[in-house]
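This note is meant to be read beside the model, point by point. It takes up the helix packing and the sheet in turn.

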Amino acid sequence: MARPPPRRSGAHEEPAAALASAAEFLAVLHARGQDGVKPAVSPSQLRALLAVEGAEGINLRTLSEVLGSRPPSVTRLCDRLEAMGLLVRTPRPSSRREVELRLTPRGRALLDERRAIRMRELSAVLGRMAPEAVESLISGLAAFREAAAQSYPAGGSPAGTETFAAPASPGPRATSAPARVPDSA
């Protein structure tokens with residue numbers, strides 16, 4: 001696909017401001033996915049749960065890389081998640097010195113509940129829009145994602161975002177390990 005010619009530097013200020021404003025509203029709606037969900041988890045705990053969900057059996061070293069944190073911090077984070085009943089650590093069968101991380105049914109249920117709340121919030125907003133505006137939004141977001149992906153090497157998308165893209169229909173989630181988990185997950 002050919003790249004469009006570069007435009008003058010201020011040509012995208014108005015659309016960028018509109019996108020930034022919409023992103024702020026999305027952040028509010030995203031945060032509502034936490035309301036009432038028990039146990040409450042911190043953003044860093046949520047990022048860890050999402051990373052483990054995206055790569056069941058991930059080890060502590062790899063999780064540290066995904067989260068961009070030091071291994072001792074990630075170990076303490078996993079201690080807390082395990083104490084909350086959201087995560088289990090088990091020795092890897094091929095190397096008993098290495099630990100695998102997996103979500104518990106409670107951890108999986110927590111993520112599913114957060115997603116259900118967020119989907120209700122987003123659906124309510126979309127339901128107040130005209131159908132043609134929803135179609136335009138979908139097309140615009142697809143084009144935005146494609147343009148943004150051109151800025152990232154090899155993987156073609158911002159690190160970790162492929163794991164969190166909304167599926168077209170309910171089904172199995174991605175199982176590959178993300179390079180990084182976005183803070184807003």
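1. Axes here are lines fitted to C-alpha atoms, for helices over the stretch in contact, and angles run from 0 to 180 degrees between N-to-C directions. Helices (H or I, at least four residues) and strands (E, at least two) are DSSP runs, numbered from the N terminus. The model is a predicted one, in which local features need pLDDT of at least 70 and side-chain atom pairs count only at pLDDT 80 or more, while totals for chains, interfaces and linings use all residues. Residues are numbered from 1 along each chain as its sequence is written, and side-chain values use heavy atoms, with hydrogens and water left out.

2. The protein contains seven helices and three strands, which follow one another along the sequence in the pattern α-α-β-α-α-β-β-α-α-α. Of its 185 residues, 28% are buried, where buried means under 20% relative accessible area, with a 1.4 Å probe and protein chains only. Taking contacts (heavy atoms within 4.5 Å) between residues at least 6 apart in sequence, 56% join residues at least 24 apart.

3. Helix 1 (residues 13–32) packs against helix 5 (residues 105–127) at an angle of about 140°, their axes being 7 Å apart. That angle makes helix 1 oblique to helix 5, given that angles under 35 degrees count as roughly parallel, over 145 as roughly antiparallel, 65 to 115 as roughly perpendicular and the rest as oblique. Helix 1 contributes Leu 26, Leu 29, His 30 and Arg 32 to the contact, and helix 5 contributes Ile 117, Arg 118, Glu 121, Leu 122 and Val 125. By class, there are five nonpolar, one polar and three charged residues in this contact of helix 1 with helix 5; Ala, Val, Leu, Ile, Met, Phe, Trp, Tyr, Cys and Pro count as nonpolar, Asp, Glu, Lys and Arg as charged, and the others, Gly among them, as polar.

4. Helix 2 (residues 43–54) and helix 3 (residues 60–67) have axes 10 Å apart and pack at about 120°; they are therefore oblique to each other. On the helix 2 side Arg 47, Ala 48, Ala 51 and Val 52 meet Leu 63, Val 66 and Leu 67 of helix 3. The contact of helix 2 with helix 3 comprises six nonpolar, no polar and one charged residues.

5. The axes of helix 3 and helix 4 come within 9 Å and cross at roughly 105°, and these two helices are therefore roughly perpendicular to each other. Leu 60, Leu 63, Ser 64 and Leu 67 of helix 3 make this contact with Pro 71, Val 74, Thr 75, Leu 77 and Cys 78 of helix 4. By class, the contact of helix 3 with helix 4 has seven nonpolar, two polar and no charged residues.

6. The three strands form an open sheet in the order 1-3-2, with antiparallel pairing, where two strands pair if DSSP finds at least two bridges between them. Strand 1 (58–59) and strand 2 (87–92) are at the edges with a single partner strand each, so one side of each is left without a neighbour in the sheet. Strand 2 and strand 3 (residues 95–103) are joined over six bridges. Helix 4 (residues 71–83) packs on the sheet, where it touches strand 2 and strand 3, and its direction makes about 120° with that of strand 2.

7. Strand 2 and strand 3 form a hairpin with two residues between them. Within strand 3, Leu 101 is the bridge partner of Arg 89 and Arg 102 that of Val 88. Strand 1 and strand 3 pair over two bridges, and Asn 59 stands opposite Glu 100 in strand 3.

Definitions and conventions:
Buried < 20%, exposed > 50% of the residue type's maximum accessible area, 1.4 Å probe, protein only.
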